Amino acid sequence: MGKSILVTGGAGFIGSHLVDALVLAGHVVVVVDDLSVGKKMFLNKGARFSKKDIRSESMDALFKKYQFDWVFHLAAHKSIRHSLEHPSYDADINIMGSLNIIELAVKYGVERLIFPSSAAVYGNCPTIPSHENINVYPISPYGISKYSIELYLNFLREHRGLCSAALRFSSVYGPRQDTSGDAGVIAVFVHKVIKGETPTVFGDGTQSRDFVFVGDIVRAAILAAESSYCGVVNVGTNHEISLNMLLDSMRRASGKNFKVEYADWVPGEIRRSLLDNSLAQRVLGWAPEVSLDEGLRRTFEYFRAK
């Protein structure tokens with residue numbers, strides 16, 4: 001018999017892919033999304049939808065009605081650059097909103113809560129690849145809010161018995177990603193290349209990321225819910241790719257020898273990001289399956305068809 005599952009942010013980029021997989025597996029899935037970023041067109045028709053703000057008191061009635069077994073809390077304010085200018089706004093959604101969901105999970109006895117943390121908690125960490133036991137150095141309000149929720153989950157696990165896993169996602173990309181913001185550099189670049197525009201790199205292009213395909217992220221989230229593991233775990237490919245290397249891969253995937261503009265570095269951005277995924281392999285049985293070249297091919301294919 002399927003689980004009763006809540007997915008906040010289930011009309012968004014990662015959330016909608018997750019909902020698709022959960023519905024396909026036969027679970028009863030409830031999506032909460034305020035559609036400020038998520039899109040109705042991404043909503044799975046097999047899921048039940050409630051348009052709500054995660055900070056709303058009406059969330060209590062939803063938990064009471066459905067008695068969720070699992071909660072995937074993906075709703076968030078995701079713009080690092082916006083968080084630099086508006087830290088209180090970021091904290092209101094990413095900390096206070098998250099605490100509302102987490103406290104309701106405790107109140108109604110949720111079995112498993114899965115929280116998408118971020119490689120942003122590591123900041124400009126001197127240890128590369130970064131593993132879960134090193135000190136973290138978040139350098140943006142976004143990264144600070146993610147780490148704050150990790151600490152709250154630790155507290156509630158020890159004192160309230162909430163079994164949760166915080167998945168530190170590296171740089172996620174793929175179909176349905178927003179092309180208008182700063183959160184998904186691959187989606188922004190792909191969109192510009194398809195339109196014949198020139199991508200802009202902030203910095204000299206030597207900054208690096210660990211790019212992971214959204215389908216691999218969805219598998220990790222479901223494996224985390226199915227497991228008994230509680231704590232933080234990195235979810236990345238363990239492959240470091242500079243933006244200049246990424247652009248070369250995109251030229252191959254697109255078949256276009258496009259040019260690039262370089263602009264000033266943006267404060268608050270991380271210079272290098274690479275996640276050690278050995279713990280995920282041990283405790284979740286997870287490893288990435290989609291290569292960067294294959295992921296880029298699928299992403300270009302999706303955006304060309306739009």
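Which residue of β6 does Leu113 stand opposite? In this predicted model, Leu113 stands opposite Ser164 in β6. The pairing between β5 and strand β6 (residues 164–169) is parallel and runs over six bridges. Strand β4 (residues 70–73) also pairs with β5 in the parallel sense, over three bridges. Here Phe72 stands opposite Ile114 of β5.

Strand β5 (residues 112–118) is largely enclosed by the rest of the structure, because seven of its seven residues are buried. Arg112, Ile114, Pro116 and Ser118 point one way from the strand. Leu113, Phe115 and Ser117 point the other way.

The largest nonpolar core has 56 residues. Leu18, Phe72, Leu167 and Leu246 have the most contacts inside this core. Helix α7 (residues 214–226) gives the most to this core, with eight residues. At least three residues come from each of domain 1 (4–172 + 211–238 + 273–289) and domain 2 (174–208 + 240–271 + 295–305). A second, separate core has 28 residues, including Leu113 and Leu162.

Ala47 lies in the loop between β2 (28–32) and β3 (48–50). Is this residue buried or exposed? Ala47 is buried, because its relative accessible area is 16%, under the 20% cut-off. Not counting residues up to four places away in sequence, Ala47 touches Val19, Val23, Val29 and Val31. The C-alpha atoms of Ala47 and Tyr262 are separated by 43 Å.

How values were computed
Residues numbered from 1 in each chain as written. Predicted model: local features only at pLDDT ≥ 70, side-chain atom pairs only at ≥ 80, totals over all residues. Heavy atoms only, no water. Core = buried A, V, L, I, M, F, W, Y, C linked by side-chain atoms within 4.5 Å. Buried < 20%, exposed > 50% of the residue type's maximum accessible area, 1.4 Å probe, protein only. Helix = DSSP H or I, 4+ residues; strand = E, 2+ residues; numbered from the N terminus. Domains from an automatic or database assignment. Contact = heavy atoms within 4.5 Å. Pairing = 2+ DSSP bridges.
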